[in-house]
Amino acid sequence: MLLAAFLAGAIWAGWVGALRVRFGGNDVLISLMANYVAVFIVQYLVSGPMRAPGDLPQTPRLPVESWLPFVMSGMRAHWGIAIALVATLFVFWLLRATPAGYEIKVAGLNLRAARYGGIDVNRRQMGAIFLGGGLAALAGLCAVLGVQHRLMEGISGGVGFIGVVVALLARLNPLLVIPTAILYGGLEVGGSAMQRQTGLPTSVVLILQSLVVLLILAGDMLRYYRLRIPGLNKRRCQLA
């Protein structure tokens, strides 16, 4: 099941990457629009051919043998955590210790320099897209086999967009993704608990998360650009 999910995710992302490589489209926009296509396909399946008896749009419960076991009895944490850690370490090793990873980074940073250096840019871009799609499918499979044990409408809950935010906060470092994801997950769970216990809306957590992202992006901007305030800069020059 893990292998089938990885291959399905790689194939789904592959046609998005093919459009990017062949026609030079914006891969971010294409992949975002492809997400809606995938969501509608899932909605059709769970509401039609794969729907279980009942009123809810969901499939029948999967066999118990296919469920991801819990790490410890009495906890909801399952072995999908181990799959995520192995995937993180693999991506870190691929990018830092292999020629293919080096070429992927160069192709992502500067296409002209990569082509000038003899790198097959199209091949490396497709490889990165296949890997990203496969790993995203594994994340979805862990949600199905470890939490819900069935496929249902809206099961993703916007996790893909959260992954983009976590990657930005981790500065695109695979190892930093681990503590960043734990922190972000703690905010998500804490926001729900806060709403249940104190009545505060979860939008407070969303505001905090948005501020963190904005501050991170602003910090990167201030590394390369200097703010010039005419009156303040003139006064400093006079004092000097």
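Guide: Trp15 is partly exposed, with a relative accessible area of 36%, where buried means under 20% relative accessible area, exposed over 50% and partly exposed in between, computed with a 1.4 Å probe on protein chains only. This is a predicted model, in which local features need pLDDT of at least 70 and side-chain atom pairs count only at pLDDT 80 or more, while totals for chains, interfaces and linings use all residues. Residues are numbered from 1 along each chain as its sequence is written, and side-chain values use heavy atoms, with hydrogens and water left out.

Trp12 is likewise partly exposed, at a relative accessible area of 30%, and three residues separate Trp12 from Trp15 in helix α1, about one helical turn; helices here are DSSP runs (H or I, at least four residues), numbered from the N terminus. An α-helix has 3.6 residues a turn, so residues three or four places apart point the same way.

A search of the whole structure finds two aromatic pairs, a pair being rings of Phe, Tyr or Trp (its six-membered ring) whose centres lie within 6.5 Å, with planes under 30 degrees apart counted as stacked, over 60 as edge-to-face and the rest as tilted. Trp12 and Trp15 form an edge-to-face pair, 5.6 Å centre to centre with 85° between the planes.

On the α1 side the contact (heavy atoms within 4.5 Å) is made by Trp12, Trp15, Val16, Leu19 and Arg20, and on the α2 side by Asp27, Ile30, Ser31, Ala34, Val37, Ala38 and Ile41. By class, this contact has nine nonpolar, one polar and two charged residues, where Ala, Val, Leu, Ile, Met, Phe, Trp, Tyr, Cys and Pro count as nonpolar, Asp, Glu, Lys and Arg as charged, and the others, Gly among them, as polar.

For comparison, there is the pair in helix α3 (residues 80-97), where Phe90 and Trp93 lie three residues apart, about one turn of the helix. Phe90 is partly exposed at 39% relative accessible area, and Trp93 is partly exposed at 47%.

Definitions and conventions
Helices (H or I, at least four residues) and strands (E, at least two) are DSSP runs, numbered from the N terminus.
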